[in-house]
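Please examine the sequence and the structure shown below.

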Amino acid sequence: MSVAHADDADDYSRPTGETYHAEKALPSGDFYTGQWRDNLPHGHGKYLWTDGCMYVGEWHRGKTMGKGRFSWPSGATYEGDFKNGYMDGKGTYIDSTGDLYRGSWVMNLRHGQGTKSYVNGDCYDGEWRRGLQDGHGRYQWKNENHYIGQWKNGMMNGNGTMIWSNGNRYDGSWEESAPKGNGTFRWSDGSFYVGVWSKDPKEQNGTYYPSTTSGNFDWQPQQVFYVDLSECVVCTCQRIPVLPSQKMPVWYGSSSEQSSSGNRTKSSERPRRRSVDGRISNGEMELRSNGSGYLQVDDNNITESNRSPSLGNLRIQPAKKQGQTISKGHKNYDLMLNLQLGIRHSVGRPAPATSLDLKASAFDPKEKVWTKFPSEGSKYTPPHQSCEFKWKDYCPVVFRTLRKLFSVDAADYMLSICGNDALRELSSPGKSGSFFYLTNDDRYMIKTMKKAETKVLIRMLPAYYNHVRACENTLVTKFFGLHCVKLTGTAQKKVRFVIMGNLFCTGYSIHRRFDLKGSSHGRLTTKPESEIDPNTTLKDLDLNFIFRLQKNWFQEFCRQVDRDCEFLEQERIMDYSLLVGLHFREAAFKEPATPPSGARTPTAGNSDTRLSRAEMDRFLLDASKLASTKLGINMSTRVERTVRRSDCENQLVGEPTGEFYDVILYFGIIDILQDYDISKKLEHAYKSMQYDPTSISAVDPKQYSRRFRDFIFKIFVEDT
């Protein structure tokens, strides 16, 4: 990212808001010519970098915005839509080898519908996601072989058809660009082979049906992998050398650098620079990531590595790990040791490979395994320093298969929960009385369960398994294990707990978190404003944002919320929430003096230096984070601030203000183990006599689902 000093005596002699033509030779050696307003490129202009990169097109307040053309010294070009410095919208990219992509872009990545023509004669036309073929598409090789079907992460994956130029074809399941699972291979003469396909000959199984008695009985299915598909290699996309958003200059000395009285700084003064914590400096700055989700600035006046970013007058502390580490002497230290011993035993013991097609017996409530852990150890358990206890695994085959379905590696799972690092206990139990524990790497959350909740989970387990298997992008909580520790001795205490995925496992700081139900009674945080921090979970009446999703994401979001709510309604579940976390991409914020909704809201100040582009480019270039971007996880989008009318204290959705913020968004549906039992029916009857029945949480699952969706689809909208 280049730094552009734009001070010019002529700029200060012109009235604010006037647009005129300017030519700017910048100290870095870069050159700009085009329309200029308030000491920033605004309108049509050309920017030439010293390394040979060039942008010609529309600008808005110093950022490339609208139609434009970016060219690289290698000969690569992009022509199309730009948004906030990113290739975003419809555009055409031709790389230095001559490969051409024409289609949709989202934040420098091919995302949506697009066509890729390769210089070797191959062509792909279909859906893209995060820069790779993903969804439905057609790939044709130069030899006229072609594949039509599903893709995932740039590979043929799912149901699809491969047709060879000689008339042979394969119809069936694919995995990593090879037949896997059920499929049929047909020859042009009418012969066909039906069976289960795998690269492993031991797993291959099927039947050959010749069209005549003189069929090719010497043919082997493995020939498809090593002969027929040998030339069907999918070309990769050349990496874009430097992203346009990385080249965008930060404009210092602009009209936004004004004194509090509204007068411009003198042209003879060196432009002052604002750090991410709001301080002004004349020193040289170095930008880098501080590993906690913020950009850190080093200059002559700021050297502390742990300084927190500012939200105007409000200082947000760097997100600290929640909870208290369970060390020796903690009241639950022995329970933690028991849990870790049990998990290590359950996950680590040898087990036969399981198919995703589970038998009904695997879901039987009686399908549980008790193991005794004496302190001195046994034939199957190690000696330990905790007290003697019994360990129970509920439906072990089902949860082992769920971990496989969720791509959880057994070794990593054990390391997270049972490694040298202790668990952390959250400071207070939830409303239900359950306690929550987090693993040190924040990947997993462990919740203690009431017997009734355990019964609900076991009852709905078959439907849950089928749902998460059918819906790859489901937003409902991911469950990885259900267990029980029974202490021996006089107490005979039983502690049931479930292991879940932690929605906020991210390298980014979560600045705001909301628990949203779509009801208004009791849905306002009880904390005084001075005690609200990034770890405070705000509620419906605290919400002062509308979440704006890109078209593709919004459509997928609506489909998935409908599916998840239908599943929960069928299982008679209610009282669930949408948990939402926001990471604001601005490095500095300003806070309004009196937030209208009671929840403090960051608002961007014009005089603050915005450093989010560099942070986001690092995010986009990090392959591991790219791979984890999906619906509800690591989603880069915008939110719009809202305000509530003063005459309507229970107004759930405020009025849009037109103030937008770039965020990284996380969300998921949690608390899905409360069925509409007799206690909830009594609660509904009692509260309905005191409050508006539509405002309370305890309502029939069908009504709850309808109200929940109505609310969610008002606060999540398509970004137009």
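Which residues in α8 meet which residues in α12? Phe-557, Cys-558, Val-561, Asp-562, Cys-565, Glu-566 and Glu-569 in α8 meet Pro-701, Lys-702, Ser-705, Phe-708, Arg-709, Ile-712 and Phe-713 in α12. This is a predicted model, in which local features need pLDDT of at least 70 and side-chain atom pairs pLDDT 80 or more, while totals for chains, interfaces and linings use all residues. Residues are numbered from 1 along each chain, and side-chain values use heavy atoms, without hydrogens and water.

**Helices α8 and α12**
- The axes (lines fitted to C-alpha atoms over the stretch in contact) of α8 (residues 551-570) and α12 (residues 701-715) come within 9 Å and cross at roughly 165°.
- That makes α8 roughly antiparallel (an angle over 145 degrees) to α12.

**Helices α7 and α8**
- Helix α7 (residues 451-470) packs against α8 at about 165°, with the axes 11 Å apart.
- The two helices, α7 and α8, are therefore roughly antiparallel to each other.
- Met-460, Ala-463, Tyr-464 and His-467 of α7 are in contact (heavy atoms within 4.5 Å) with Gln-560, Arg-563, Asp-564 and Phe-567 of α8.

**The whole chain**
- The protein chain has twelve helices (DSSP runs of H or I, at least four residues) and 40 strands (runs of E, at least two).
- Of its 720 residues, 51% are buried (under 20% relative accessible area, 1.4 Å probe).
- Among contacts with a separation of 6 or more, 52% join residues 24 or more positions apart.

How values were computed. Buried means under 20% relative accessible area, exposed over 50%, partly exposed in between (1.4 Å probe, protein chains only). Axes are lines fitted to C-alpha atoms, for helices over the stretch in contact, and angles run from 0 to 180 degrees between N-to-C directions. Angles under 35 degrees count as roughly parallel, over 145 as roughly antiparallel, 65 to 115 as roughly perpendicular and the rest as oblique.
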